[in-house]
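Here is a brief report on one structure. It takes up a sheet, a ligand site and a single side chain in turn.

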Amino acid sequence: MEKVIQVRNLYKLYRVGEEIVRALDGVDFDIFRGEFCAIVGTSGSGKSTLLNMLAGLEKPTKGNVVIAGEHIEKMNEEQLVKFRRENVGFIFQSFHLLGTMNAVENVALPLSFRKVPRNVRIRKAERMLDLVNLRKHKKHFPNQMSGGQQQRVGVARALVVNPKIIFADEPTGNLDSHTSEEVMQLMKRVVKEQNKTLVMVTHDAHLATYADRVFHISDGKILKIENNQKERTRQNEEQE
Amino acid sequence: MSWMDLLRMSGSNLKRRKLRTFLTVLGVVIGTTSIVVMISLGLGMQQSLYREVEQSGGLTSIRVTGESAGDSMYSESGSESEDTAKYIDDELIKTLGTLEHVEASYPVYEMSVILLKGGYEGYGFLKAMPYEGLMEEKIPLAEGGKLPAESSSLELVYGNAVITDFQEKGGGESYWETGVLPNIDLAKDSLFLILDQDGYYNSQSGDMDMGSDYSAENDGESQPVKQVKKHVVKASGIVEGAPDDYNAHSSYIYCNLDTLVPILKKEFSGRVIPGQPTTSSGKAYKDFYYSSAQVKVDDIDQVNEVADSIRQMGYSVETNAEYLQSMQKEFAMIEAVLGGIGAVSLFVAAIGIANTMMMSIYERTKEIGVIKVLGCSLKNIKQMFLMEAAFIGLIGGVIGNIFSFFVSAVINAITGHGAAMGFDGDISYIPIWLVLVSLGIAMLVGIMAGYFPAKRAMQLSPLAAIRTE
Ligand SMILES: Nc1ncnc2c1ncn2[C@@H]1O[C@H](COP(=O)(O)OP(=O)(O)OP(=O)(O)O)[C@@H](O)[C@H]1O
Ligand SMILES: [Mg+2]
């Protein structure tokens, strides 16, 4: 299977006054195409730091991050932006929709960075909104939508550019448990349908069960990698 | 991002903060207006200069003067010390006419005269030229007027402001004090013209008290105060314009030189014609000398050459081109100073733009971070903010220009279209190039003011941005 993400010997140290914080302390793993991975751990364990590093938002102190065959730790700001534009979709915890734009325009925004003509952009965005069941809210502005609806717009926005990988940092962190389930199911469905790689950070062990594999992280180190998929196939076999 | 998308984004951001955008734009409006209006004043002056030059023969005419003959309106002194007297006489006019590149040359005679009508008395300045010379002056005549042809009786063309030179005899108040025009219709009425001013004064003072001092000086002429000759004159035309309007012809009285000279010779036979030079013994010369000669050159590029060759003949030469050049330097200075004053307010506006952009960036830190995470290139982010700043500059420039035209119109109305300031024409003049240049400057100022904020936006770390809650 194709390795989309390769992380080798990754370190991230922060200096806070005299003290040195080891946010990531030697991390190695691979993520394959079409996988849904969850990173779980307690608060302050280094989950966000890891995800930011994968998305090229932060530079590692040491180690390699190879995504889609490219060493992103060596890229400069301009190259990173280009890399994100072409390979990565991002879902934020607090949605981060642009308040001046309605749902369709928000979803279409990343396409405008790729110089997609406006009419094509709008058509694609509308199709995405249909996919996330927001047919009726296309003209709504962010402040006219619920948190769950906003996050679904966020999902549509991440998917619209047809990225290889989608990163999500606590995508349901601001939603109630019922809505969280809905959004998780939606993400899982869409990711499977379109065969996308999804890396999600969460501290909710239950939501992590939606993932194929779960990375348990603590104090900047990976404790264990749980393989739900194998488990599920085994369970399925047992049931038969 | 395409330009269209950038524009749309910048526009919607400006629309979002209507009041702030309005205030920032207002700063640019004031800055642009002050620059445009200030420079328009300098240009207005320049325009009136050009018109003046145009009216006094354009750039191809040369004024030749020698030893002073006739009265001068702007009395020049200091040239008397020259040994070899160089007078403008018929011979010189002929010589000048034969010079290469000279199209025509004609004499000009200027003298002060007194006009009488009823109880009114007016002091005027007579400018006499041959008919072709008057033609060349391009005097705009009011309807029904014509230039005086050579004839036996004097016919005058009055400047439109000449009427204001009349006042009641014995020191009555002038038009400038009372605002009431004398009850004279220059176009229709016959007036008395007095060429012998000294004689007139003598007769006046003789009427009152003494008159003996003068006759003693007067070469032993024994007869007491003699009545001066009063010439009956009619107008052949009046210069176009209201009494308050100023132009190059407004305060002159024109007449035909070929008519004037015989009349002068007849009236002053045996005596010295006023303004004519005298021999060391106080006698008049045989020839009649003119105040100046006007030379018309056929080609604008030859003007300097012709002027130089006349100068070598020992005469003083003034060309409009030289005058214009020296004035242009002066006007460039004036415009620079005025423009500089205006630029100060535009500079303040630029600080306003920078401040607005800076605030807008702080406010939108999160948004900038998000679009960066979503793959908006750094260049696009910079362009977006520069465009916003340029927008503010451009809108301010457009409104400022519209406003400038309004202010300019008000200034021109208040100053009576330049007349109050002694200008021929509007004091404030906004040419199309000034509009375009000021628009460009306003936009440029916007872009420059927005440059550092835009750079800052570009450098914002996407991470810091999305972390901000
Ligand atoms: N910019 C920074 N400067 C200093 N220390 C930092 C910085 N960012 C993160 N850290 C530290 O690195 C560690 C990991 O932080 P991180 O944000 O990855 O935690 P997290 O697992 O995402 O926690 P949470 O579940 O609360 O989001 C923490 O101890 C944090 O204090
Ligand atoms: Mg976190």
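This is a predicted model: local features need pLDDT of at least 70, side-chain atom pairs count only at pLDDT 80 or more; totals for chains, interfaces and linings use all residues.

Strand 4 of chain A covers residues 62-67. Two bridges join strand 4 to strand 5 of chain A, and the two run antiparallel. Across this pairing, A:I67 stands opposite A:E70 of strand 5.

## The ligand site

Ligand 1 lies between chains A and B. Around the ligand are 14 residues. Those that come nearest are A:S43, A:G44, A:K47, A:S48 and A:T49. By class, the shell holds seven polar, four nonpolar and three charged residues.

A polar side-chain atom of A:S43 lies 2.5 Å from one ligand oxygen atom. For A:T49, a polar side-chain atom also lies 2.5 Å from an oxygen atom of ligand 1. A:G46 uses its backbone instead: an N or O atom there lies 3.0 Å from a ligand oxygen atom. Taken alone, ligand 1 exposes 630 Å², and the protein buries 67% of that.

Which elements give two or more residues to the shell around ligand 1? They are strand 1 (3-16), strand 2 (19-32) and helix 1 (47-54), of chain A. Helix 1 of chain A gives the most, with three residues.

## A buried glutamine

A:Q149 is found in helix 5 of chain A, which spans residues 147-160. Is this residue buried or exposed? A:Q149 has a relative accessible area of 17%. The cut-off for buried is under 20%, so A:Q149 counts as buried.

The side chain of A:Q149 has polar partners. One is the side chain of A:H137, in a polar contact at 3.1 Å. Another is the backbone nitrogen of A:S146, which the A:Q149 side chain reaches at 2.9 Å. Leaving aside residues up to four places away in sequence, A:Q149 touches A:L134 and A:H137. A:H137 therefore figures both as a touching residue and as a polar partner of the buried A:Q149.

Terms used
Residues are numbered from 1 along each chain as its sequence is written. Chains are lettered from A and ligands numbered from 1 in the order in which they are written. Side-chain values use heavy atoms; hydrogens and water are left out. A residue is near a molecule or strand if one of its heavy atoms lies within 4 Å of it. A polar contact is a pair of N or O atoms within 3.5 Å; within protein, one must be able to donate a hydrogen and the other to accept it, and residues adjacent in sequence count only if both atoms are side-chain atoms. Accessible areas come from the Shrake-Rupley method with a 1.4 Å probe; for residues, only the protein chains shown count as cover. Helices (H or I, at least four residues) and strands (E, at least two) are DSSP runs, numbered from the N terminus. Ala, Val, Leu, Ile, Met, Phe, Trp, Tyr, Cys and Pro count as nonpolar, Asp, Glu, Lys and Arg as charged, and the others, Gly among them, as polar. Two strands pair if DSSP finds at least two bridges between them. Buried means under 20% relative accessible area, exposed over 50%, partly exposed in between (1.4 Å probe, protein chains only). Contact means heavy atoms within 4.5 Å.
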